Amino acid sequence: MLDSVFDVLPAEAWAYYRTHPIEFIEQMILKPHSESRGKKLFLSDQQKSVIEAIAVGRRVTVCSGRGCGKTALLAMIGLWFISCHQEAQLVASAPSSKTLKSGLMVEYALWGRGSYLEGLLEFTTEKIYINVKNPVGSYGSFIEPRTASSGSPEAMSGIHAESLMIQLDEASCIPDNIIRTLVATLTSGGNNKIIMTSNGTRTSGEFYDSHMDDRSNLWNKFRLSALDSPFTSKESAEECRLRYGEDSNLYKIDVLGLFGSSDPDSFLDFHEVVAAFDRDVVPASTDEIEIGVDPARFGNDNTVLIWRQGMKVHEPIFKGKTSVVDVADMVKELVTSIRSQTGYKDKIRVKIDVGGLGAGVYDILELDRLHNIDPVECNFGGRGDDRCANEASVMWNTLRDVIGQISLPDESECSNYTVVKYMREELTARRCNYDTGKIKVETKDVFKKEFGRSPDYADALVLCFARKKNQRSFLTDFDHLSDQYVVKGMTYLNGLDHYVSVHYTSDRQASVVWAYWGNGTLYIVNESLTDDNVARVASEINARSSVKPNKILGNDRCFGSGAGAGQDIRAQLRKYRVQLRENFKYDELGALELLNQLVSTKSIKLVKNCRNTIQQLDKWNSDSSRAQAEKDYGLCYAILNIVSELKNKISPPAKKVIPRQSYAGGTAQTNNQPLYNKALGW
């Protein structure tokens, strides 16, 4: 075999390499890299077995421990496939674009550049091409990264070629319908192959079944143990065994290359936590930003700050041996940095564990007026609720509700790998019990005894997602994270009453909400913020409403002030053929009471696209002056106008009862009922 650059290889060499992928990888990829790095690079026996299997077979599945070289293996197999086969296509996929770009595609660039194949390859943002003709005619072959969500498997359609390879990295976390769609494409050509690699993080799904429930024996199965790999540290493997035990999920998955098992005592599902580190969530610029702060004073504990925007969690900030002032300064510096990174201008909620050191931090931040923050007191030792024994358990239970939606920072996003390691340990190792009849998370002392440190990272994350606000909030029960309030869309509004409300502020800003009422529920389906004049706003309402509203309501400012002003507005409305009505029975306090009633009974639903309305309802509080409050929360006041209009439907007045005289000469008895239910939480 010649070992020079690709363009001097004869056709016989390329033909040989097509059926001898191990020699191709060793001579065309590893040899030049060994020379440039000054050390011999080689394939492990584990890797060679997988390469031989995919060269002659169609389906290969690999469950691997960490550090065994599974991603590098995929890259080298892929470079062999597109170089040695005519018009070959290779589709590479992973659970998220983040995993694909920072993992597998980085490996392709690492091994392709600097190899004898470099002049053969063209790297673009979309694909990797064979851009030079060679004796086997692989010109035009390419590697294409693709990702798809479970709701859009069509992104994986249209893949057909005589020579086709599909590579699935971290396949355990790829949606099952995506894997099934890709496997179905293997019938399109005679040289079609699929290889899946992953850690054994899930005990269900297509990847798990390919190893544990392959009744037709369709898959060639491999397990890569870190104990048998020349690339892993045996000292680290032994440390993991001693620290967590041979039966622990961390040892089974990370070291032995086995599938984990669910621990019934774990508060959070192990597989859900692992998936969260691999999930890629892109938040909207308007999504709320919140910070969790777990303060520690001295000793071995760390003060940890974790922030999120929407469901995207960012790298933790941590520091040991901090004072009250140090922690408060850390929060202010983080807020400043967040605003610089994101351009976010709204209030940032900061949730602090006020047990011990945190109380002083809260007091300092409560006085801050420069950073536009909303400090919130949380207490891991506080009271629980009907389901949970204490406040810590309430907050952990909230995290359990959303763990399947959030994106946690992985190694590529953190400057310190230990942060990811500790966070994963703390989230998966905390246990719960039901001895009291309620959910109760194990104490910090139990965790510290087992792991030798406090679960600071997990606690900060729990605070970050805690559903808690200051008591100054008008709608204390409204939960912007709950799908009981915020829904993706509504298609069942036929036959309901349709209302639109316009709230004008003193500086002529209009907030508009579209709503439906029926079945005892208020549905908020659209919103608008504008500085157009009243007549144009009303005309636009008619244009945008697919169903003619029962009423279009406006507050008193919509009709002007001063002699003749009201008549002029009404003349404009007649010109645009718009009927805008003023609610003369508007009762703000009564409407707020009724709105709280709707919230507490979960009888208000908002479409997810109404982001401004959701944000305003969530942050609506009594801190601002009336003028500022109307400017910041105009959509809330527009909703109040509708609620006030609907007061007899939301809470019908009591029927008038005629006093009944006692025949025994007693006093008259009346059965008077209150017009509104008592205000909830305000």
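Modeller: A definition before that: two strands count as paired if DSSP finds at least two bridges between them. Also, keep in mind that this is a predicted model.

Colleague: Fine. How many bridges join S1 to S7, and do they run parallel or antiparallel?

Modeller: Strand S1 (residues 59-64) and strand S7 (residues 191-198) run parallel, joined by five bridges. Within that pairing, valine 62 has threonine 197 of S7 as its bridge partner.

Colleague: What is the strand order in the sheet they belong to?

Modeller: The order is S3-S4-S5-S2-S6-S7-S1-S8, an open sheet of eight strands with mixed pairing. Strand S3 (121-123) and strand S8 (220-224) are the edge strands, each pairing on one side only. On average, neighbouring strands are turned by 15 degrees against each other, direction ignored.

Colleague: Which strands does H3 lie across?

Modeller: H3 lies across S1, strand S6 (163-169), S7 and S8. Its angle to S7 is about 150 degrees.

Colleague: And how does H3 sit against H2, at what crossing angle?

Modeller: Helix H2 (residues 21-37) and helix H3 (residues 45-56) cross at roughly 125 degrees, with their axes coming within 9 Å. The two helices are therefore oblique to each other.

Colleague: Which residues meet there?

Modeller: From H2, Pro21, Ile22, Ile25 and Glu26; from H3, Lys48, Ile51, Glu52 and Ala55. By class, that contact has five nonpolar, three charged and no polar residues.

Colleague: Other sheet now. Which strands make up the one with S17 in it?

Modeller: Seven strands, in the order S17-S23-S20-S19-S18-S21-S22. This sheet is open and its pairing is mixed. Strand S17 (486-487) and strand S22 (580-582) each have a single partner strand, so one side of each is left without a neighbour in the sheet.

Colleague: What holds S17 to S23, in terms of bridges?

Modeller: Two bridges, with S17 and strand S23 (residues 604-607) running parallel. Valine 487 stands opposite valine 607 in S23.

Note on methods. Residues numbered from 1 in each chain as written. Predicted model: local features only at pLDDT ≥ 70, side-chain atom pairs only at ≥ 80, totals over all residues. Heavy atoms only, no water. Helix = DSSP H or I, 4+ residues; strand = E, 2+ residues; numbered from the N terminus. Axes fitted to C-alpha atoms, helices over the stretch in contact; angles between N-to-C directions. Parallel < 35°, antiparallel > 145°, perpendicular 65-115°, else oblique. Contact = heavy atoms within 4.5 Å. Nonpolar A, V, L, I, M, F, W, Y, C, P; charged D, E, K, R; others polar.
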